[in-house]
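Please take a moment with the sequence and the model before reading on. The paragraphs that follow begin with a single residue and then turn to a helix.

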Amino acid sequence: MLKVDTVHQYYGGSHILRGLNFEARLGEVTVVLGRNGVGKTTLLKSLMGLVPIKSGAIELDGQGVDKLKPYERVRLGMGYVPQGREIFGRLTVAENLQMGLASKPGSTPVPEQLFELFPVLKQMMHRRGGDLSGGQQQQLAIARALAAGPKLLILDEPTEGIQPSIIKDIGRAIRKLADEGLNGQKMAVVLVEQFYDFAAELADQYLVMERGEIIRQGRGDQMEADGVRQLMSI
């Protein structure tokens with residue numbers, strides 16, 4: 001579903017992403033791990049077109065997207081949940097979800113499947129986003145990204161600052177989305193995460209980044225044997 005081919009990215013004179021190569025497949029969760037400052041968030045912003053790449057190629061379902069605007073990538077099937085959630089605090093839950101439908105015709109309804117994934121949102125449709133707890137805001141941010149029915153879901157540290165019970169709910173939702181999507185069609189998921197145990201439980205594939213490069217990658221069930229936990233603690 002997603003193919004990243006020799007992607008380089010710079011901020012000013014700093015070489016941030018250094019020739020990244022990987023694929024994310026339908027029905028799988030690809031986890032991107034690494035310490036702070038290694039380029040994980042920059043990678044996700046590059047995938048979405050929020051920052052330009054210097055060279056290389058990004059393909060979604062066989063189509064080149066690296067020259068497209070972020071909204072064009074969304075229309076083709078990319079969904080993005082940024083670090084820090086970035087919901088609209090003054091808008092209601094319902095209005096936030098409708099913002100996720102901005103690329104669709106005005107009459108498009110919010111998918112009911114979102115409320116099966118996150119039942120609490122159904123109960124709080126008329127509450128302002130800024131009045132929700134951190135965990136509820138994270139569920140809202142994920143639901144907003146899902147509203148347009150993406151084929152690829154990109155999440156940046158969804159467990160950051162979230163209570164353990166909500167982390168488990170989010171983990172179950174991510175697994176279900178990869179396996180079934182919203183309408184029975186599998187979804188590809190790219191997940192940046194610092195919480196090793198959460199990542200290891202979900203990962204079908206893992207990538208470890210260091211200084212803008214992928215220094216180790218493999219199948220999720222081999223993370224412990226491959227010494228990924230030790231890499232994260234160095």
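In this predicted model, Pro70 counts as partly exposed because its relative accessibility is 26%, a value that falls between the limits of under 20% for buried and over 50% for exposed. Pro70 belongs to helix 2, which covers residues 70-76, and, once residues up to four places away in sequence are set aside, Pro70 touches Met48, Gly49 and Leu50. Between Pro70 and Thr159 there are 24 Å in space, taken from C-alpha to C-alpha, while in sequence the two are 89 residues apart.

Which residues of helix 7 are buried? They are Ile166, Ile167, Ile170, Gly171, Ala173, Ile174, Leu177 and Ala178. When one looks down the axis of helix 7, these buried residues fall within an arc of 165°, and therefore they line one face of the helix. On the other side of helix 7, by contrast, Pro164, Lys168 and Arg172 are exposed.

The buried residues of helix 7 have several packing partners: among the strands these are strand 3 (29-33), strand 7 (152-156) and strand 8 (188-192), and among the helices they are helix 4 (113-117), helix 6 (134-146) and helix 8 (196-202). Just after helix 7 comes Gly181, a residue that takes a positive phi of about 65°.

How values were computed. Residues numbered from 1 in each chain as written. Predicted model: local features only at pLDDT ≥ 70, side-chain atom pairs only at ≥ 80, totals over all residues. Heavy atoms only, no water. Buried < 20%, exposed > 50% of the residue type's maximum accessible area, 1.4 Å probe, protein only. Helix = DSSP H or I, 4+ residues; strand = E, 2+ residues; numbered from the N terminus. Arc of directions from axis to C-beta. Contact = heavy atoms within 4.5 Å.
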